[in-house]
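This report describes how two protein chains meet. Please view the sequence and the structure below before reading on.

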Protein chains: 2
Amino acid sequence: MTPTFVLTRPQMGENIGAAARAMLNFGVDRMRIVDPRDGWPNRAAVAMASGAGRVLDAATVHPDVAGSVSDCTYVYATTARMRDMTKEVLSPEAAMQDAARRIAEGQHVAVMFGPERAGLENEDLAQANALITVPVNPEFPSLNLAQCVLLVGYEWVRASAEIEHQVTEMAGTDWADGQEIEHLARHFEERLEGAGFFFPEHKAPSMKMNLRNFWSRMPLTRADVQTLHGMLRQMVRWASRQ
Amino acid sequence: MTPTFVLTRPQMGENIGAAARAMLNFGVDRMRIVDPRDGWPNRAAVAMASGAGRVLDAATVHPDVAGSVSDCTYVYATTARMRDMTKEVLSPEAAMQDAARRIAEGQHVAVMFGPERAGLENEDLAQANALITVPVNPEFPSLNLAQCVLLVGYEWVRASAEIEHQVTEMAGTDWADGQEIEHLARHFEERLEGAGFFFPEHKAPSMKMNLRNFWSRMPLTRADVQTLHGMLRQMVRWASRQ
């Protein structure tokens, strides 16, 4: 169960369609629309939604905000500007973490988005339990409706999947082990010694140590090790033909 | 200091302008453009950027990816689809946390975004140190360029606000930049080609690509790069005496 995204008095059909696409990137497919300026259904919305059309098909339309959240037990309202009201303001992250907990408890949760130009009115916000403000650059706050929907949807996925900053290991990577690195290091040291690389002589021990350290520092796969051996062998073969 | 966002072969001016707006919401104002389809400057970009015009004014244009990241010591590349390559894949959150640490240490970091339809080519990705994939709905992945830029910018703000100025082991390390890696890659490619390493001929392009990818994967300091150049030159000198 995902949150329900409520578009309040949206103006352009294209923006409703774009919002549908934005939501569906993050698996949010429950949309409600309050008093759309150009009525419903809306061809421009359908055209823009394209592959996200099912979100529009399932969307319900309501004459006012109250009707759109009547079955909701918690409502967040997005707002760009500071509001002079006693209402908790959350980041999208905090709001969606809160939403994930409520939904897990069986609550029905909604997020309200305002009309493109004006944003939500104080009367709309009065029906929300908390506000969401995206931490945008105060010198250039320019999120459009679909972008706001996108960011909240993104944070929904992060919160509901409890994705912690994982790094996807290069799946199934065959890392070279210590023995293979040692063998590689020795191959290079032998050939470079023969080529006179460790010069002058008093510097040779530290140069060799640095090079051995170098191999340890590099994240080498078995394939990398084979490539490096091959490169060195080919240089030697070539040299023998000179 | 924020990351630099690199738009690679962007097609429509409007999308460049939209990207500028998206970035500036999160205070990212450093843009570079690689080989824009419709040239530069671009009126459609300016019109769309509107209040974010200063991002475009300050943007630099480059004929190729290598030129756009030559002074960068770490490059992330965004990709939508799974790639069959040995390259670390990070979420936007993990990537921007990593970026925030690197920038705090004084590194110059870039994030590459691909052309609107096709995304980045393997040749582009070969020059990246790691990949970023946004965790989108596999049934409906539809992020456009500005939305991808928006999400990475958003995570940048979250990460840079959290960053503590820890001293890490390798803080103050003199990492090789893109230009130095490119130069090293070319030196090796030329000598190995002359030595007949890229054999058989039909395998040569993929062998060269793998090797180029290899250099990008290795965390090389400037000293490492000098050592590697020196090793190769010594092998060549030795060969000439055989």
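The model is predicted. Chain B brings 62 residues to the contact and chain A brings 60 residues. Together, chain B and chain A bury an area of about 5100 Å², and carbon and sulfur atoms account for 67% of this area. Within chain B, the three residues Asn25(B), Phe140(B) and Tyr154(B) provide 13% of the area that chain B buries against chain A, more than any other three residues.

Polar interactions also link the chains. There are five salt bridges between chain B and chain A. In one salt bridge, Arg217(B) pairs with Asp224(A), and the closest N and O atoms are 2.7 Å apart. Residue pairs in polar contact between chain B and chain A, with both residues at pLDDT 80 or more, number 15.

Several elements of chain B supply at least two residues each to the side that touches chain A, among them helix 1 (13-24), strand 5 (89-90), helix 5 (92-104) and helix 7 (145-162). Helix 10 of chain B gives the most, with twelve residues. The table lists the side of chain B that touches chain A by residue class.

| Class | Count on chain B |
|---|---|
| Nonpolar | 36 residues |
| Polar | 16 residues |

Chain A is divided into domain 1 (4-160) and domain 2 (178-240). The C-alpha centres of these two domains of chain A lie 59 Å apart.

Notes. Residues are numbered from 1 along each chain as its sequence is written. Chains are lettered from A and ligands numbered from 1 in the order in which they are written. This is a predicted model: local features need pLDDT of at least 70, side-chain atom pairs count only at pLDDT 80 or more; totals for chains, interfaces and linings use all residues. Side-chain values use heavy atoms; hydrogens and water are left out. Contact means heavy atoms within 4.5 Å. Buried area is the accessible area (1.4 Å probe) that two parts lose on being put together, summed over both. A salt bridge is a side-chain nitrogen of Lys or Arg within 4 Å of a carboxyl oxygen of Asp or Glu. A polar contact is a pair of N or O atoms within 3.5 Å; within protein, one must be able to donate a hydrogen and the other to accept it, and residues adjacent in sequence count only if both atoms are side-chain atoms. Helices (H or I, at least four residues) and strands (E, at least two) are DSSP runs, numbered from the N terminus. Ala, Val, Leu, Ile, Met, Phe, Trp, Tyr, Cys and Pro count as nonpolar, Asp, Glu, Lys and Arg as charged, and the others, Gly among them, as polar. Domain bounds come from an automatic or database domain assignment.
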